[in-house]
Amino acid sequence: MLSPILQHPSLFLPLYTLQSPKPPKSLSKTPPPPLSLNPQTTLQTPSQNHNHSSLIISGPSHLSGHVHISGSKNSALPVLAAALCCSEGPSILRGIPDLSDVTTMISILRSLGARVEVYDGGVVVVDAEGIGSVEPCSDSVGRIRAGFFVVGPLVGRFGEAVVRLPGGCEIGARPIDLYVRGLRALSAVVEVGHGKLHVCAANGKGLIGGRFHFDYPSVGATETLMMAASMANGVTVLTNVAQMN
């Protein structure tokens with residue numbers, strides 16, 4: 001079964017429709033002309049005498065054209081990590097932007113043993129059934145802070161996770177205390193050493209639901225603990241959480 005975080009209908013489409021989406025009928029087949037500025041509008045490049053980067057824009061101007069809006073990176077990264085929660089069948093995600101951070105997250109999933117296929121139109125299929133490791137590639141995790149998201153799914157599903165500290169930074173520079181205390185509230189044993197976070201279920205089996213109050217509404221910690229709690233035995237109550245639309 002798919003984890004609740006992956007059941008939003010806008011994120012999925014059947015496997016037999018994996019293809020580039022057709023443009024709406026209302027749009028012309030001819031590409032729109034490039035955006036242009038009115039004659040009275042000028043854009044000056046930064047002066048060599050400036051001590052910082054700047055743009056000097058003189059208006060007014062009327063802009064027109066068509067822009068394709070891709071999916072949100074900050075939504076795509078945790079959803080990709082959440083696909084690790086699924087032990088049966090593939091997760092089909094759509095609207096995934098073609099960005100370097102997304103490519104890095106995909107490499108992190110693959111280093112754990114997940115099968116990931118990328119299709120045109122922002123479609124990514126993740127099959128996490130054959131995960132064979134609880135420690136992702138440290139080099140890949142070190143490139144993006146979002147790589148730390150895999151902690152929740154791994155310890156929730158397998159009862160153990162060994163993950164490099166986010167972005168390669170020490171705990172003092174990029175604090176993860178909310179993650180640590182939150183996982184401990186779910187009956188996990190957490191240790192930090194040698195630049196890595198070692199997490200395991202205290203009972204040797206899996207996490208247990210608990211209560212945790214955030215000192216401040218951290219988005220990353222909220223997402224991580226939600227993923228871990230979705231596979232914990234019992235009810236988990238998180239308060240002062242980040243509210244994400």
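**Entry 1**

I started with His194, which is exposed, at a relative accessible area of 85% (buried means under 20%, exposed over 50%, partly exposed in between, with a 1.4 Å probe and protein chains only). I'm working on a predicted model, where local features need pLDDT of at least 70, side-chain atom pairs count only at pLDDT 80 or more, and totals for chains, interfaces and linings use all residues. Residues are numbered from 1 along each chain as its sequence is written, and side-chain values use heavy atoms, with hydrogens and water left out.

Phi of His194 is near 55°, a positive value in a residue other than glycine. I found His194 in the loop between β7 and β8 (196-201); helices (H or I, at least four residues) and strands (E, at least two) are DSSP runs, numbered from the N terminus.

Ser187 also has a positive phi, about 65°, and is not a glycine. I place Ser187 in the loop between α5 (177-185) and β7 (188-193). Ser187 is partly exposed, with a relative accessible area of 28%.

I also looked up the cis peptide bond: it joins Gly59 and Pro60, with omega about 5°. Pro60 sits in the loop between β2 (56-58) and α1 (73-82).

**Entry 2: the β6-β8-β7 sheet**

Which order do the strands take in the open sheet of three? I read β6-β8-β7, with antiparallel pairing (two strands pair if DSSP finds at least two bridges between them). β6 (160-164) and β7 stand at the edges with a single partner strand each, so one side of each has no neighbour in the sheet. The twist averages 10° from one strand to the next; axes are lines fitted to C-alpha atoms, for helices over the stretch in contact, and angles run from 0 to 180 degrees between N-to-C directions.

β6 and β8 pair in the antiparallel sense over five bridges. Here I noted Glu160 opposite Cys200 in β8.

Next I checked what packs on the sheet. Helix α4 (residues 151-158) lies across β6 and β8, and runs at about 160° to β6 (contact means heavy atoms within 4.5 Å). α5 packs on the sheet as well, touching β7 and β8, and its direction makes about 150° with that of β7.

**Entry 3: aromatic pairs**

How many aromatic pairs are there? I get two, with rings of Phe, Tyr and Trp (its six-membered ring) pairing if their centres lie within 6.5 Å; planes under 30 degrees apart count as stacked, over 60 as edge-to-face and the rest as tilted.

The rings of Phe148 and Tyr179 have centres 5.1 Å apart and planes at 75°, so this pair is edge-to-face. Phe148 lies in the loop between α3 (138-141) and α4, and Tyr179 in helix α5, so the pair ties together parts 31 residues apart in sequence. Phe148 is buried at 2% relative accessibility, and Tyr179 is buried at 7%.

The rings of Phe212 and Phe214 have centres 5.1 Å apart and planes at 80°, so this pair is edge-to-face too. I noted Phe212 as buried at 8% and Phe214 as buried at 0%.

**Entry 4: the core**

The largest nonpolar core has 54 residues, and among those touching the most other members are Leu80, Leu183 and Val199. Such a core is a set of buried Ala, Val, Leu, Ile, Met, Phe, Trp, Tyr and Cys residues joined through side-chain atoms within 4.5 Å. Its largest share, six residues, comes from α1.

I ended on Val199: not counting residues up to four places away in sequence, Val199 touches residues including Val151, Val155, Glu160, Leu183 and Val190.
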